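Please keep the sequence and the 3D view at hand.

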Amino acid sequence: MHIARPAALLLAATALLAGSTAAATAAATPDGTRVTSLQQAADQVLTGNQKPLKVTSDKVSYDGLNVTAAPTGKVTAQDLACGYGHLCMVVNGTKFDFYKCQTWTVSNWTGNGPFTNNQTPGTVARFYNQDGSVRWTSTAYQAGTATWDPIYSLRPC
């Protein structure tokens, strides 16, 4: 199974946005842009890996993935803004917006959360167990609530 480079970002973002109280420390990218604690956490676990394409105060973007804080309060699939061609979900207070067809390895996904498979009609997203077997699938268009534990990897298409 191919392991995606941004997998560590998923772990860092999930841990950070799911309750970490680490304070944001002033830091800057090579172009002088200030970064948030989300980016700093991602940098710590992405040593030697692909760097984000874009960083803002509330979003880290990679080729094929945007990671942001989820909307506050109880979020349902109907609340989950998800562009056409994307697979979106909220896991532990973090919104994942996948838009590239590849296998993404994830860690520490627990609990339940909303998802929206807003890809081309008929596109099947697959969610995998630790041994690589398929745990469940979603055929576009579909939205609802999923149980994330244990999900170890996913393939949006």
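## Cut-offs and overview

A residue counts as buried when its relative accessible area is under 20%, as exposed when that area is over 50%, and as partly exposed in between. The model discussed here is predicted.

Two disulfides are present. A disulfide is a covalent bond between the sulfur atoms of two cysteines. With bonded cysteines counted along the chain, the pattern is 1-2, 3-4.

## Cysteine 82 and cysteine 88

Cysteine 82 pairs with cysteine 88. Their sulfur atoms lie 2.2 Å apart. The link is right-handed, with 85° about the S-S bond.

Are these two cysteines buried or exposed? Cysteine 82 has a relative accessible area of 13%, so it is buried. Cysteine 88 is buried as well, with a value of 0%.

## Cysteine 101 and cysteine 157

The other disulfide joins cysteine 101 to cysteine 157. Here the sulfur atoms are 1.5 Å apart. This link is right-handed, with 85° about the S-S bond.

Which parts does the pair tie together? Cysteine 101 sits in the loop between strand 5 (94-98) and strand 6 (104-105). Cysteine 157 belongs to the segment after strand 11 (153-155). The pair therefore ties together parts that are 56 residues apart in sequence.

Cysteine 101 is partly exposed, at 43% relative accessible area. Cysteine 157 also counts as partly exposed, with 21% relative accessibility.

Terms used:
Residues are numbered from 1 along each chain as its sequence is written. This is a predicted model: local features need pLDDT of at least 70, side-chain atom pairs count only at pLDDT 80 or more; totals for chains, interfaces and linings use all residues. Side-chain values use heavy atoms; hydrogens and water are left out. A disulfide is a pair of cysteine sulfur atoms within 2.5 Å. Buried means under 20% relative accessible area, exposed over 50%, partly exposed in between (1.4 Å probe, protein chains only). Helices (H or I, at least four residues) and strands (E, at least two) are DSSP runs, numbered from the N terminus.
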